[in-house]
Amino acid sequence: AFKDKAQILVDVFFNKAPQTLTKRVNSLQKLCNGLQKENVGFPCNEDQFYGFLKRDAANGAPPSRLKSYFEAVVFARYVLGLEALKPLTDSRRCLGATMTKQLVCPRQADPFTVKQLQIFHEHLRDSDEIWNKVMCGMVLFCVYARARWSDAQHAEGLLEDTDEKGILRFLEAKASVHKTARAFHLKHQFLPMSAPSIGITDDNWGVQWMHARRQLKIDDLTKYPLLPAPDSMLEPTRRPVTTREAKLWMHELLGDHVSKASKTTSHSCKCTCLSFLAKRGVSFEDRLILGYHSNHLKMALVYSRDSAARPLALLSHVLGEIRQGIFEPDCTRSGRLKEGAVSLDKVEAFAFRADESDQTVDFVSESKDTEEASEASWQKVGEPAHSAQGSEPLDAGHVTTDSSDSSAEEFVERTPVVGHYTIDVPDNKALWLNQNSRMFHLAFEDHVKVLLCGRRITMGFKKHRGSVRYDSAKCKQCFRLKDS
């Protein structure tokens, strides 16, 4: 009876987020109550709906409320199947009445400052209240994992990634319900949210958070969300902490370090590290991957099983610079980078040293004089770099090492060599690169609109001079006509 009726609702709203449903229901309720005060029933006709919108706007209703009315009507027509609302959704004047007449800038959430993150670290490390500990750990996880609060609350598994010595290095959560779940390269896949367990402080916040979760007995994600809401007896429940509750809790923990004018919300967690990386000059592609955004690199993401390897190395590098005081993201442009900062192009790979006691990350880069940039910014061609004598070998990671034959104390770091060669192009032809598909084409030297294969030269193409990778894709039609 009741269970069967509830299942019908589940089937009708199978692809809608609970927050979206709540928003639409509240908008429909306000619309129906407003129409009822004017003795108008729902569904109404187009003229009645337009008159209601204009009167509500004249009474000082914000544009967002008017827009929510129109979205609720569209929802009722297409999801609930009320075809009587078709004239309302097709009406140009009703749509225009819901649009704002003033150009306003969107108010986005402010990223956390370094000081605010340090406060969360202090609460997690030293607080006597266990709930404050798990809350701060949740905030730090969302910050370092660049995760939306709702995506993290849908986590179905939490993996502790440790090294050979048992030191926790990364925390990775997997969520099947997330904003980009229907994107092409993430379709029917878990969203892996990976966070370095060492952030802007020297202590391992991941170990502290997992210990607090086990103390509170909320480590079983089949029973509880990642951060369950406590009841009146401070016992965990199955209900997750909402974004509004998280915002109020964050403000309570930060105290005087957050002003009333600041836009510090739960979405500040996602944008904080992305803001740090943007200020440090990390490329758009790396930031898109770290932010789990759908982008034009679909094919590369579909066929790469660890596409976040380099972006995570860059994130750990930037966090290490903040720990050491080399990079201060809260300063102005003129004072962010201090002496000792290195170019991000030199950050090729990273490995954790086995003899490190402070649990920091050591980055390995090739010498500048042997580097030769390839098509991708993170792929380098160069001779093997020799390390200093007497140093300890790196553990197995993204860098492979071999011992020297002359001495057991010396070792050689060998980086992968990517072969390049020069394409023999006739003098009257030019080589063009499709920046999206990475495929090479040919065109006459004086042609800037059409390729030999007949395709148009758009903004996505650029002329290429020099050598190319051995495995680069080449257009068969263009190269068949190379000597024409």
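This is a predicted model: local features need pLDDT of at least 70, side-chain atom pairs count only at pLDDT 80 or more; totals for chains, interfaces and linings use all residues.
Colleague: What is the overall make-up of the protein in secondary structure?

Modeller: The protein has 16 helices and 18 strands. Of its 484 residues, 42% count as buried. The accessible surface comes to about 27,400 Å², and carbon and sulfur atoms contribute 52% of that area. Among contacts with a separation of 6 or more, 59% are accounted for by residues 24 or more positions apart.

Colleague: How are the axes of helix α8 and helix α11 placed relative to each other?

Modeller: The axes of α8 (residues 130-144) and α11 (residues 243-254) come within 11 Å and cross at roughly 110°.

Colleague: Why is α8 called roughly perpendicular to α11?

Modeller: The term roughly perpendicular covers angles of 65 to 115 degrees. The crossing angle is roughly 110°, and α8 is therefore roughly perpendicular to α11. On the side of α8, the contact is made by Trp131, Asn132, Met135, Cys136 and Val139, and on the side of α11 by Ala246, Trp249, Met250 and Leu253.

Colleague: How do the residues of the contact of α8 with α11 divide into nonpolar, polar and charged?

Modeller: Eight are nonpolar, one is polar and none is charged.

Colleague: What makes β16 and β18 stand at the edges of their sheet?

Modeller: The sheet is open, has four strands in the order β16-β14-β15-β18, and shows mixed pairing. β16 (461-463) and β18 (473-474) each have a single partner strand, so one side of each is left without a neighbour in the sheet.

Colleague: How do you know that β14 and β16 pair, and in which sense?

Modeller: Pairing requires at least two bridges between the strands. β14 (residues 429-434) and β16 are joined over three bridges, in the antiparallel sense.

Colleague: What is the geometry of the peptide bond from Phe42 to Pro43?

Modeller: That bond is cis, with omega near 5°. Pro43 lies in the loop between α2 (18-37) and α3 (46-58).

Colleague: Why is Lys217 called exposed?

Modeller: A residue counts as exposed when its relative accessible area is over 50%. The value for Lys217 is 65%, and Lys217 is therefore exposed. Lys217 is found in the loop between α10 (205-216) and β4 (228-230).

Colleague: Why is Leu234 called partly exposed?

Modeller: Buried means under 20% and exposed means over 50%, with partly exposed in between. Leu234 has a relative accessible area of 48%, and is therefore partly exposed. The place of Leu234 is in the loop between β4 and β5 (236-240).

Colleague: What makes Leu159 count as partly exposed?

Modeller: Leu159 has 48% relative accessibility, and therefore counts as partly exposed. Leu159 is found in strand β1 (residues 155-162).

Colleague: Which residues is Leu159 in contact with, leaving aside its neighbours within four places in sequence?

Modeller: Those residues are Phe170, Leu171 and Glu172.

Methods:
Residues are numbered from 1 along each chain as its sequence is written. Side-chain values use heavy atoms; hydrogens and water are left out. Axes are lines fitted to C-alpha atoms, for helices over the stretch in contact, and angles run from 0 to 180 degrees between N-to-C directions. Helices (H or I, at least four residues) and strands (E, at least two) are DSSP runs, numbered from the N terminus. Angles under 35 degrees count as roughly parallel, over 145 as roughly antiparallel, 65 to 115 as roughly perpendicular and the rest as oblique. Contact means heavy atoms within 4.5 Å. Ala, Val, Leu, Ile, Met, Phe, Trp, Tyr, Cys and Pro count as nonpolar, Asp, Glu, Lys and Arg as charged, and the others, Gly among them, as polar. Buried means under 20% relative accessible area, exposed over 50%, partly exposed in between (1.4 Å probe, protein chains only). Accessible areas come from the Shrake-Rupley method with a 1.4 Å probe; for residues, only the protein chains shown count as cover.
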